[in-house]
Amino acid sequence: MTGERAEGLKDRRGAARDDVTPARRSLPAAQDPPRWSTYKRKWQAPLAGRATALHAGAWWLWALGLATAASRTTNPLLLGLIVGVAGYVVAARRTDAPWARSYGAFLKLGLVVIGLRLLFSMLLGSPVPGAHTLFTLPEIPLPAWAQGIRFGGKVTAEQLVFAFYDGLKLAALLVCVGAANALANPARLLKSLPAALYEAGVAVVVAMTFAPNMVADVVRLRTARRLRGRPTGGVKAILQIGLPVLEGALERSVAIAASMDARGYGRTAKVPPAVRHTTNVLTLGGLLGMCAGTYGLLAAQGAAYGLPVLGIGAVLALAGLRLGGRRSVRTRYRPDRWGPRAWLVAGSGAAVAALLIRAGSVDPAALHPGVVPLVAPTLPLWPAAAILIGLLPAFVAPVPPKEASL
């Protein structure tokens, strides 16, 4: 009897074990994350917040690196790639702030620049000779003192292509600046400036935020007119929208001036005259040294002394700014930290600029396609791959809240 009870208990225990599904038995093992997922969570871009926000200066250094790369080439394929990289990063990491909406305005401004460059080339001519005449405009005779300038005349394909390359380069520079303006918070950028540059930085930040706020006002007023059933196009509509926009800009300027005065803008601490004179000498001498060093780097015969003079000038200018910061009586609340992600973002732009400068010295024909004779531009592989390094901020920069919620 005792053996039968033992066998019954054993059967019930075995049945209980058999009733457990394989999925439930493997649940604890499935919950253990593998090693690669641990690394993925460690390096995954965090949600943007006060503690994890990227330093605003990193965005500007990244954009200036792309702009430097754009200034080193006239190849339309490379310039288009730079614009595409900047646009992708802006689409991936911009927020809903008013300054983030100004990127489209910079794109439109770039198109206007290209159009104006082509128009001036057709009307005023070009120094580029051409053999493929497209059409001829009526030429207006000019007085003798305007010799060397013509208005109208033949328009060749070579001069239009040259003007298009030139205008596209300038448009790419504007797009890079617009990308930095759309991604970097101007207020956080102002907090990171040296104390000696605070007053000038306030003026620059106010000027930078004027255009984005104006664009936001135009969008808001056009939406309001559209909801009321009023036209949003035409000269009359533009005049009716422009007056409230200018009125709002004036009110905003008065409010900013009042707040700046209330916060003690322009008030400085007393420093000894010797320190003030030393600051002026160091700052002025450092800036002159940086200008001389930059000229030496750009000149063909000054490469030997350009870099040392540039370094000495930068050190003197930084020392002058450090001494000049004693006149500022303000303090910083929660200063932004320059973390590893800021280094990656700024370094990606610097890498793009350095590689394109190197490509210009190794293979200048690939970066500057000729127009006489007229040839189709080709896409150089390793400069194009270097530009793609600029996509790194789209993966390492903190994710805006709107993207994280999707």
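I take helices (H or I, at least four residues) and strands (E, at least two) as DSSP runs, numbered from the N terminus. On that basis I placed His132 in the loop between H7 and strand E1 (133-140).

I note that this is a predicted model, where local features need pLDDT of at least 70, side-chain atom pairs count only at pLDDT 80 or more, and totals for chains, interfaces and linings use all residues. Residues are numbered from 1 along each chain as its sequence is written, and side-chain values use heavy atoms, with hydrogens and water left out.

**Entry: His132**

I looked up exposure next. Buried means under 20% relative accessible area, exposed over 50%, and partly exposed in between (1.4 Å probe, protein chains only). His132 has 47% relative accessibility and so counts as partly exposed. I then checked contacts, meaning heavy atoms within 4.5 Å. Beyond its neighbours within four places in sequence, His132 contacts Val155, Thr156, Ala157 and Glu158. Ala157 is 25 residues from His132 in sequence, and their C-alpha atoms are 5.6 Å apart.

**Entry: Gly153**

I found Gly153 in strand E2 (residues 151-156). Gly153 counts as buried, because its relative accessibility is 5%. Leaving out residues up to four places away in sequence, I listed Phe135, Thr136, Leu137, Pro138 and Glu139 as touching Gly153. I also took the C-alpha separation of Gly153 and Met122, which is 8.2 Å for residues 31 apart along the chain.

**Entry: whole chain**

I counted 18 helices and 2 strands in the protein chain. Of its 406 residues, 32% count as buried. Among contacts between residues at least 6 apart in sequence, 79% join residues at least 24 apart. The accessible surface comes to about 25,000 Å², and 67% of it belongs to carbon and sulfur atoms. That area is from the Shrake-Rupley method with a 1.4 Å probe; for residues, only the protein chains shown count as cover.

**Entry: H7 on H8**

I used axes that are lines fitted to C-alpha atoms, for helices over the stretch in contact, with angles from 0 to 180 degrees between N-to-C directions. Helix H7 (residues 103-124) and helix H8 (residues 157-183) pack at about 160 degrees, with axes 8 Å apart. H7 and H8 are therefore roughly antiparallel to each other. My cut-offs are under 35 degrees for roughly parallel, over 145 for roughly antiparallel, 65 to 115 for roughly perpendicular, and oblique for the rest. The residues of the H7 contact with H8 divide into 20 nonpolar, 6 polar and 2 charged. Ala, Val, Leu, Ile, Met, Phe, Trp, Tyr, Cys and Pro count as nonpolar, Asp, Glu, Lys and Arg as charged, and the others, Gly among them, as polar.

**Entry: H5 on H8**

I found helix H5 (residues 56-71) packing with H8 at about 175 degrees, axes 9 Å apart. That makes H5 roughly antiparallel to H8. On H5 the contact residues include Trp59, Trp60 and Trp62; on H8 they include Lys169, Cys176 and Asn181. I sorted the contact residues into 14 nonpolar, 2 polar and 1 charged.

**Entry: Trp338**

I placed Trp338 in the loop between H13 and helix H14 (340-362). Trp338 is partly exposed, at 30% relative accessible area. Not counting residues up to four places away in sequence, Trp338 touches His55, Gly57, Ala58, Leu61, Trp343 and Ala346. His55 is 283 residues from Trp338 along the chain, yet their C-alpha atoms are separated by 6.0 Å.
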